[in-house]
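Here's a quick tour of a chain you can follow along with in your viewer. Keep the sequence handy as you read.

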Amino acid sequence: MSRINSSSIALAEAISGYCALFLALMLVLSCCESRDGEYYTLQQMNDHVERPCDEIYVVREGETLHTISEKCGDPYIVEENPHIQDPDDVFPGLVIKITPFKDRQRS
């Protein structure tokens, strides 16, 4: 049996440390991946947020009327949607009418 010298052990520990660092980096980068496998840049995320809302809007999970109002520029969502009886009871899949404030001023 051959003897393992201390330089081989040090080399193995260094390689092990670099592998652990690489795996941690891959884990962090995987958090930036979207569900469909595409990576988003900061500019793409800003373009998505600034895109105007359609006139018919379907509520997504985690959204409130306040966040939708800010996102779409419509401060009168409750007044335009009489089927919303309780503004605090908004659920995913609820269909609402959106009239952005910019469009309202042109009319």
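## What helix 3 packs against

The buried residues of helix 3 pack against strand 1, helix 4 (77-80) and strand 2. This is a predicted model, where local features need pLDDT of at least 70, side-chain atom pairs count only at pLDDT 80 or more, and totals for chains, interfaces and linings use all residues. Residues are numbered from 1 along each chain as its sequence is written, and side-chain values use heavy atoms, with hydrogens and water left out. Helices (H or I, at least four residues) and strands (E, at least two) are DSSP runs, numbered from the N terminus.

Which residues of helix 3 are buried? They're L65, I68, S69 and C72, with buried meaning under 20% relative accessible area, exposed over 50%, and partly exposed in between (1.4 Å probe, protein chains only). These four cover an arc of only 100° around the axis, so they sit on the same side of helix 3; the arc is that of the directions from the helix axis to the C-beta atoms. An α-helix has 3.6 residues a turn, so residues three or four places apart point the same way. Over on the other side of helix 3, H66 and E70 are exposed. Just after helix 3, G73 takes a positive phi of about 75°.

## The nonpolar core

The largest nonpolar core has twelve residues, among them Y57, L65, I68, C72 and I96. Such a core is a set of buried Ala, Val, Leu, Ile, Met, Phe, Trp, Tyr and Cys residues joined through side-chain atoms within 4.5 Å. Helix 3 gives the most to this core, with three residues.

I96 touches residues including Y57, L65, I68 and I84, leaving aside those up to four places away in sequence. Contact here means heavy atoms within 4.5 Å.

## The disulfide

There's one disulfide, meaning a pair of cysteine sulfur atoms within 2.5 Å. It joins C53 to C72, S to S 1.9 Å. C53 is in the loop between helix 2 (42-50) and strand 1 (56-58), while C72 is in helix 3 (residues 65-72), 19 residues apart. Both C53 and C72 are buried. The torsion about their S-S bond is about -80°, so the disulfide is left-handed. C19, by contrast, is partly exposed, with a relative accessible area of 43%.

## Confidence

The mean pLDDT (the predictor's confidence in each residue, from 0 to 100) of the protein chain is 77, and 69% of its residues reach 70 or more. Among the elements, helix 2 has the lowest mean pLDDT (51) and strand 2 (residues 95-97) the highest (93).
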